[in-house]
Each structure stands twice: as C-alpha cells, then as structure tokens.
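I opened my notebook to look up a few things in this model.

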Amino acid sequence: FQFILCEGCRQESPNLKLLTCLHTLCLDCLSENKPVGQCPVCCTAIPQANGIPDMDNLLFTNLQARLKVYKQIVDGVDLFCNNCRKAGEFWCSECFEFLCTKCFEAHERYLRWESHGARRVRDIRAGAAKDFLEGIRRAGNLTCSNPAHKSQPVSIYCQRCEKALCCSCALLDNQHAPFRDIRSETQRRQEELSSMERELRQRRSSFEATSASLQGEAARLEEAQREMRELIRQRVEQLVRLIRREEEELVGLVEARQEQGRRELARELRHVEGVLRRMEAGERLVEKMSLYATEQEVMDMQPFIKASLQELQRLQLPVARDQAEPGPFAECRARLQAL
C-alpha cells in the first residue's frame, strides 16, 4: 500500500490532492512547489493560480484511515469501545467504531434493519489487510447530495444534475429527471474508467516505444560525443607529435645553420685580422726603413717590400652582408610560417 503515500515526500498525509496529471501530492509539497506551478513528478502545469488543486484524493485519504484502524487492530493497541471505553471486541465498518460485547448487542438490536456489519476483532486480526478493505468497500454507502438528507439512504442517480439522491429528493423536487439506479451508475462509471484504462494501456505502448527510441538516440548521441572526443584527442596528440618532430628538425636546422655561419664568419674574421696584421707589419717596416735603412739596404729590400705592399693593395674588403637579404635562418622562418 505504498501507493497511498504522497508522491513527492513519500509520507502519509491527511491532505492529499489529485492533480490533473493524476499524480497525488500533499499540501506541504504543493506549497513548496508554488513558485514553479508544475507537478514535481512529471512537470505538467497546475491550472489553479494558487498552485493547489481543488480535487481531494478521497480514495487514498480514506485508505490511510482504514489501514490505520487495521494496524490498530493487528497491534492490539487502544482497542476500547467508543461508547463505554471497555475492551473493544467488535468493529463496525459503517459506524467506524469499536464496540464491547454489551454495546455490540445493543448495536445489533437497534440497527438490525440497517446495513451495519460489525465484525469480531479477532476475526479481522486473523485476516489480511486486503480482506479488511474489501469488507469496508462492500459496506460503504452513498450519501444524498442534499446536506439536509445526509442520513437518508441513496439508491437514485439524477442524470441531469449528475448527483446521487435519496427518495425524498427524487419525489419532491421535480427538477430531477431522468433517473437511474445508483448501483448501475456506479458500475457504469467504473466500467467507463476500465475501458479508458485499457485504451490508455494500448496508447502507452506507443509512447513507450517512442521513449525507448529517444533513449536510444540519446545513447547514440552520447556515444558519438565520446567517439568524437576520443578522435579529437588522438588527432591532437598526432598533431603534437608532428609539431614536436618539426620542432626538433627546425632546432637542428637552426643549429646547423648557426654552426655553418659561425665557421664562415670565423674564417672571414681570421682573414681580415691577418690582413690587418700584415698591414701593421708593412707600416712598421716602411717607417723603420725610412728612419734607419742605409742606401744599400733600401736598394736590396725595396723591391720585395714593394711587391708585398702591392699585393696588400690589391686585396678587396669582404662583401658587407645586406640585412635585407635572407639570412641563414630564412628557410627556418619559411617552414615555421607554413607550420
């Protein structure tokens, strides 16, 4: 009987409301849900502006009360006669009261013409809760829709106003017609609900198939996302490896170009420094010749020195490097730009 609990907090409540989506919630859950204005179970909008449905779930509320009595009987707690407070040996489903043996005899004497069915407590305790509820269901009587005739038995149903009537209302109020037997109307309504439930069950299979299809689509989408994430990860790793390999090649090329340029510059520098030292030696030798050389020394050495100086004069300066021209790293720059 867990179905009689509030579908929001899963607790018993004397104030259960039936929503248009046919979910049952207590007033506390509906009050907490007011700002949303939707059923917290299926998100269907609640038509009432205050967020509180008008329809009470009488079935669940009454079942809670009946099961509370059954539990009281089974546990054997507080079983006192509602009239004289003696030990309760009987229970009347119509009066909803416990009776001692003496009160039960009076009850049977004065209400023998009524449909009151009092049962022994020990018989109820020996039976199942389902049997107990079934007995109450058979004993339950309808009441007249006229508040003044609540105590009158009801057996007539007015099809015009769609209400249960006692015989007095049916005979004295000429506005009620046509009539139908109340038991037939109850049976008709129950059969109508059963028929709708069968049709709903057939339609439910289509919605279940659609739900399964949507769940499958969601699963496929999730799988596609997972595969794409994995593909992106693999492709990025591949690109990173390629870039790292290109990095190693470019760094190696830069180092090679740097080493080649360094050797060329060192060679040119050594050549220029050698020329400078030759020029310095020539300048010193000519200066010393002019200061200290005899005529014989000039005649003997001048041709050799002159030839050496002429050779120095023929030497050309190294070509200056143009900064606008591609340097040794031009290839690296091009490959890096392409990358």
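**Entry: charges.** I looked up the charged side chains of the chain: 51 are positive and 51 are negative. The centres of the two sets lie 8 Å apart. Lys and Arg count as positive here, Asp and Glu as negative, while His and the chain ends are not counted. Each charge is placed at NZ of Lys, CZ of Arg, CG of Asp or CD of Glu.

**Entry: ground rules.** I noted that this is a predicted model, in which local features need pLDDT of at least 70, side-chain atom pairs count only at pLDDT 80 or more, and totals for chains, interfaces and linings use all residues. Residues are numbered from 1 along each chain as its sequence is written, and side-chain values use heavy atoms, with hydrogens and water left out.

**Entry: overall form.** I found nine helices and eight strands in the chain. Both are DSSP runs numbered from the N terminus: helices are H or I with at least four residues, strands are E with at least two. The radius of gyration is 55 Å, well over the 20 Å that the globule rule gives for 339 residues, so the chain is more spread out than a compact globule. That radius is taken over C-alpha atoms, and the rule is 2.2 Å times the number of residues to the power 0.38. Along the principal axes, the C-alpha atoms fill a box of roughly 175 × 50 × 35 Å.

I then checked burial. Of the 339 residues, 22% are buried. Buried means under 20% relative accessible area, exposed over 50%, and partly exposed in between (1.4 Å probe, protein chains only).

**Entry: Glu 185.** I located Glu 185 in helix α7, which covers residues 182–292. Is Glu 185 buried or exposed? Glu 185 is buried, at a relative accessible area of 2%. Its side chain makes a polar contact of 2.7 Å with the side chain of Arg 188. Another, of 2.8 Å, goes to the side chain of Arg 189. A polar contact is a pair of N or O atoms within 3.5 Å; within protein, one must be able to donate a hydrogen and the other to accept it, and residues adjacent in sequence count only if both atoms are side-chain atoms. Leaving aside neighbours within four places in sequence, Glu 185 is in contact (heavy atoms within 4.5 Å) with Tyr 157 and Arg 180.

**Entry: Gly 51.** I found Gly 51 in the loop between α1 (27–32) and α2 (58–75). Gly 51 counts as buried, at 6% relative accessibility. Not counting residues up to four places away in sequence, Gly 51 touches Leu 30 and Ile 46.
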